[in-house]
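User: I have a new structure to look at. Can you walk me through it?
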Amino acid sequence: MTTLKIPVSTKDHFQGDENAPVIVVEYGDYECPHCGHAYPIVKQLQKHFGPQLGFVFRNFPLAEIHPCAESAAEAAEFAAANERFWEMHDSIYENQAALGEPLLLELADMLGLSASALREALNDREFAPRVREDFLGGVRSGVNGTPTFYINGQRHDGPFEFESLAAAIDAQL
């Protein structure tokens, strides 16, 4: 079984109780249809397990096959710099079918962020180093597709359906 090589830290985007008995890390791509399918499943798991589950999202844009994935990840990091990461993360997945720079700028505006500042950050690739850091950590951990989930540091090699993930989480509890 493959293990998570980069431990969860304060640099991560974290939801839930940091002392939860189970921490799930997802390496995801905002343009990946499988990640789009997994998004509501993760929400369902969070609701089901409540304070027993912590969740971390890390960027793993597969830019060769998803041309908007990297800019979406950079837009999410731009939002994170303005303490709005999870709102941007959720909004991107909830509008995945329309993904592109116009959507990202619209979402920034809807979240009360400066669309012009986001455009400038995207043009300057200001948040590319952070996205690349996540990506390289995923490569070191054996990620070769998205979504890839780690449950308490161990890669979940089963399906990413609710039943399979919930059973793996239950096994850790």
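**Rings and overall build**

Analyst: Let's start with one residue in this predicted model. Tyrosine 150 is buried, with a relative accessible area of 0%.

User: What makes that count as buried?

Analyst: Buried means under 20% relative accessible area, and tyrosine 150 has 0%.

User: How many aromatic pairs does a search of the whole structure find?

Analyst: The search finds eleven aromatic pairs. Take the rings of tyrosine 27 and tyrosine 150: their centres are 6.1 Å apart and their planes lie at 80°, so this pair is edge-to-face.

User: Where in the chain do tyrosine 27 and tyrosine 150 sit?

Analyst: Tyrosine 27 is in strand 2, residues 22–28. Tyrosine 150 is in strand 4, residues 148–151.

User: Is phenylalanine 60 buried or exposed?

Analyst: Phenylalanine 60 is buried, at a relative accessible area of 3%.

User: Which residues form an aromatic cluster?

Analyst: Tyr30, Tyr39, Phe55, Phe57, Phe85, Trp86 and Tyr93 form one cluster.

User: New topic. How many helices and strands are there?

Analyst: The chain has seven helices and five strands. From the N terminus on, they run β-β-α-β-α-α-α-α-α-β-β-α.

User: What is the radius of gyration?

Analyst: The chain has 15 Å. A compact globule of 173 residues would be near 16 Å, so the value agrees. The C-alpha atoms fill a box of roughly 45 × 30 × 30 Å along the principal axes.

User: What share of the residues is buried?

Analyst: Of the 173 residues, 51% count as buried. The accessible surface comes to about 8300 Å², and 51% of that surface belongs to carbon and sulfur atoms.

User: What about contacts between residues at least 6 apart in sequence?

Analyst: Among those contacts, 77% join residues at least 24 apart.

User: Last one. How far apart are the mean positions of the charges?

Analyst: They are 6 Å apart, for 12 positive and 26 negative charges.

Note on methods
Residues are numbered from 1 along each chain as its sequence is written. This is a predicted model: local features need pLDDT of at least 70, side-chain atom pairs count only at pLDDT 80 or more; totals for chains, interfaces and linings use all residues. Side-chain values use heavy atoms; hydrogens and water are left out. Rings of Phe, Tyr and Trp (its six-membered ring) pair if their centres lie within 6.5 Å; planes under 30 degrees apart count as stacked, over 60 as edge-to-face and the rest as tilted. Helices (H or I, at least four residues) and strands (E, at least two) are DSSP runs, numbered from the N terminus. Buried means under 20% relative accessible area, exposed over 50%, partly exposed in between (1.4 Å probe, protein chains only). The radius of gyration is taken over C-alpha atoms; the globule rule is 2.2 Å times the number of residues to the power 0.38. Contact means heavy atoms within 4.5 Å. Accessible areas come from the Shrake-Rupley method with a 1.4 Å probe; for residues, only the protein chains shown count as cover. Lys and Arg count as positive and Asp and Glu as negative; His and the chain ends are not counted. The place of a charge is taken as NZ of Lys, CZ of Arg, CG of Asp or CD of Glu.
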